[in-house]
Each structure stands twice: as structure tokens, then as C-alpha cells.
Number of protein chains: 2
Amino acid sequence: MRILLTNDDGIFAAGLYSLYCQFREQHEVFVVAPESEQSAVGHAITLSNPLRVKEVYRNGGFYGWAVSGTPADAVKIAVNELLPSHPDLVISGINLGPNVGINVLYSGTVSAATEAAFLGIPAMAISLDTYSNPDFGPAAVIAERLALSIPRLNLAQGVCLNVNVPALPLEKIKGSLFTRQATIPLRDKFEKRVDPRKRVYYWEAEDGFVASAEPGTDIHTLRQGKISITPIHYDLTHSEALKLLKQQEADFLKLSR
Amino acid sequence: MRILLTNDDGIFAAGLYSLYCQFREQHEVFVVAPESEQSAVGHAITLSNPLRVKEVYRNGGFYGWAVSGTPADAVKIAVNELLPSHPDLVISGINLGPNVGINVLYSGTVSAATEAAFLGIPAMAISLDTYSNPDFGPAAVIAERLALSIPRLNLAQGVCLNVNVPALPLEKIKGSLFTRQATIPLRDKFEKRVDPRKRVYYWEAEDGFVASAEPGTDIHTLRQGKISITPIHYDLTHSEALKLLKQQEADFLKLSR
């Protein structure tokens, strides 16, 4: 397969390199990633600044292209300008830290996969459920097994996979489940501080996940030591709400009167 | 009503001010918005930098707070730190330019409404379908009519409205429809240029919308001169795909073996 690898932790991240090492033997691999860390950028693209592209070398050989933008920018420019032809698959990751629950919307890792889905290319985001001492090896193996399985899944156009892997050795992982995104709210906290010039500033300090998550969700599955695989898309329409609203539409025709 | 106004064009934008003028007579209005333009930031939040908050005065009186971050940051910090209590409604806009189709995912305007929905607060994003010579007056009137109607709509928790208004005088607007987000792909283009130091750079140059959009979508409705109102949420799960994948799950239990 011709595979585009990207991420949001930046082109020098270890998680990206572990994918590169896993795939380069058996596949044609291209690395195009942000030149710097782009965490929590959501689905941002760069319109008001030019994008720069730099060749990056690693261990004396060509490794990939660093883009002065977001993960979505990296995918766009890779597919439109840098790669010789459309890739068969885009893999974004391996992210340091999980991308589950409503954090999925803040995730640059996931936005790269969604951007590929826009462009009609099969894609997955893959994240490891730890923030410290990561061993990306097992997740890289999982990524390859999944990559080989994706054609069999017959995913509809525009659907990509958001994969989260427990931080466990392969033999300790308790299987994998297809899941839905948990929608339980996070509790936000801001730390209010005073700078040396006596001015107030705030740090966003997220509370982490709430205690409970329903079975069948990404959060619950990951906590059970299983791999969570969520099929996601880029249509934010709430279909149930739309159905109900359509019944009240007559009232709204007068809005502009 | 206690209403929080925000946007992604920045606190000094005319579209935001038009909402302020429309609502301040009959409602308790708070303005908390990014200090600078934040277009195409998607659902980004600021984790790696501190957030600064500045009081902004206009016409000799207090106008609101400027936040050194994204629209989602502005909503978070407004609700958690700046407002005396939870607002009854968050309105994000009026954006200069439409937010329809897959551009919804890039939209800072929409992300502010979605962030409010995370926090359990009714919310709408409102955008005007023009990039030049905007008259925000009609859209501000529509915003107020909709704001008064929202409680009647009985929207489920977590659902907010993405509203797009034609750039027409009120009497020329041909009604309003509840719609779904169009998912037709955009064609991306990059302009490749050379800087004065002979280095290559790229500008993202979007192609605009493709020619056709299905009836019932936001794009189609707006083109007919009608107001488009899409109920949106923050769950990216593709439910249909999940149902199909669940049937193949047994195969995937072996992923980690």
C-alpha cells in the first residue's frame, strides 16, 4: 500500500517514527507532518499565512516533509502537492495520549484523518492511552493489522476510524471493540495566576474524564484494556433533532416576516 | 435572557457589534470574544499558552472582554470565570461569510456554539452569506427572533443551531428551513509561489463550493435565498457504519493476538 503518515505531535515525535518503522518494510511510506507540536488545534487550517514545506532527514536518509501548519494542512498539501499520487491510506499518530469522548473534537490527530476522509481517502487516527513512558510498539503493530483489514470493512465514503490503544503489552490487551464516541461532558477548570508584572492570566486545566462512561463508548472500552475503534465522519448534523424540528417547520417560515 | 455573545472574527468585528445593539435593550448581554481574528481555527483550544483577558471599552462604556485565544477558549473562560452565572443562551457571530457544508468543521464561529453545547447551554452560530459590503441588520433581527424561539424547540441536551442567513433585506428573504449539513467535498487548490529569497511557499486557495448541493442541505437552502438552520452536535460517530461494523466484530477480536 501507499501510505501517508502524519500526526499532531510534530514530525520529530516518537509515535510517528514508530509507525514509519512498522510500515516502511512492506509498504510505500510518505511522512508529511507539522514541523511543531499542534495539540488541541481541532480541525484548523491555515488561510492567513503561507505554508512552508521543509525536507527532513533522519539517520542520514530522507524521512519526510515538515509543514508549517496544522495536521489538516499537512494532509491537504501532501495529497495536493507533495505525493506522486493519492495514497491508499492515511494514518495519523501515534498520538501520545488518548483521543476519546468530546476531546475528539479538539484533536489534531483526528482532524488529519477526517481531512483525508474529506478527500475520499481511507484513514485512521491512532492514539496510545498514556502520557508518560510510552511504548509505541504494540500500537504500531495494531496499526498495521488494522491497515490491512480496512479494505474488508467496506466503510462508506467519508467514514474514517478513530483508534485508541491501551498502554499495555500486546498479550495483555483484552481484544478490540467497535465503539461510539462518549459524549459525557468534561469539567473545565481554569487556574488563575498572577504574572511577575502583577497581571492576571489563566491556564486551562482540564479535569480529565468524569468517572462514568457507558458501555459501548470509546472511554469505557479503553478502560477495560481493550482497543477502541470508532467509525467517525464530518457531518455534524444531529439527525434525530432534525426530524423533530422538521415537524415544527411551519412556525419558522414566518421568521423572516 | 442572559446572553453571551462571541465570535471568531474578533471582538472589534461589526457582526458582533450588530448582535450587541440588537440584544442589549431587552436582554442582559455579555460580550467575550477573541482579541484577534480566529477564522478557520476549527475547534481549537489553547493549552500550551496562558490566556489573557482584557476589558474592552466602546463609545465610552464597557463593552466586553477580549480573550487571547480561540472562540472555544472565549466560551470556556466566559462561563467558568467571567460571567456571574451561566448564560441562558450563547450566540456566536454574526460571521462575515457562510459556514455551510464541510467548512462547518473548520469554523471557529460554529466551534463556539458547540463548546457552549458541551457545557449544557443552548447556543447558536449565525453567519451572513457574503464576504463584502455586509449589512448585518437583517441577520441580527433574525438572531433575536430565533433566540426567543429556541426554548420552544425543545432541543436535546448538546444540540445547538448553525444558522446561515442570505445577504438580503428582510423582505427579500424567502423563509427559513431546518436543514442538514451538506457533505460534498471541496476541491482544494494550493498556489505555489516563490518568495524574494527564492524559497517556495504555498497559499491555501479554496475553490469555493462545488456546483451542486442536494435539496434539504444548508448550501442548497441558502442558495434559494432562505435561512438555513441546522441542528448540530459534537458526536462524530457514524452510527450507520457502527451498526455494520458491529456485525464484523468477531473478526476483530483477534487484532491484539
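How many bridges join strand β1 (residues 2-6) of chain A to β2(A), and in which sense do the two strands run?

1. Four bridges join β1(A) to β2(A), and the two strands run parallel. Strands pair if DSSP finds at least two bridges between them. Within this pair, A:L5 stands opposite A:V31 in β2(A). Strands (E, at least two residues) and helices (H or I, at least four) are DSSP runs numbered from the N terminus.

2. The model is predicted: local features need pLDDT of at least 70, side-chain atom pairs count only at pLDDT 80 or more, and totals for chains, interfaces and linings use all residues. Residues are numbered from 1 along each chain as its sequence is written, with chains lettered from A and ligands numbered from 1 in the order in which they are written.

3. Strand β2 (residues 28-34) of chain A is mostly covered, with five of its seven residues buried. Buried means that 20 or more other C-beta atoms lie within 10 Å of the residue's own, with C-beta atoms placed from the backbone.

4. Chain A has an open sheet of nine strands in the order β3-β4-β2-β1-β5-β6-β7-β11-β8, with mixed pairing. The edges are β3 (53-58) and β8 (176-178) of chain A; each has a single partner strand, so one side of each is left without a neighbour in the sheet. From one strand to the next the twist averages 25 degrees.

5. Five bridges pair β7 (residues 160-165) of chain A with β11 (residues 227-232) of chain A in the antiparallel sense. A:N162 stands opposite A:T230 in β11(A).

6. The axes of α1 (residues 14-23) and α4 (residues 137-153) of chain A come within 9 Å and cross at roughly 50 degrees. Axes are lines fitted to C-alpha atoms, for helices over the stretch in contact, and angles run from 0 to 180 degrees between N-to-C directions. The two helices are therefore oblique to each other, a class left over once angles under 35, over 145 and from 65 to 115 degrees are taken out. On the α1(A) side the contact (C-beta atoms, placed from the backbone, within 7 Å) is made by A:S18, A:L19, A:Q22 and A:F23. On the α4(A) side the residues are A:G137, A:A140, A:V141, A:A143 and A:E144.

7. Helix α3 (residues 108-118) of chain A lies across β1, β5 (89-96), β6 (123-128), β7 and β11 of chain A. The helix runs at about 170 degrees to β6(A).

How values were computed
Contact = placed C-beta atoms within 7 Å. Buried ≥ 20, exposed ≤ 12 C-beta atoms within 10 Å, placed from the backbone.
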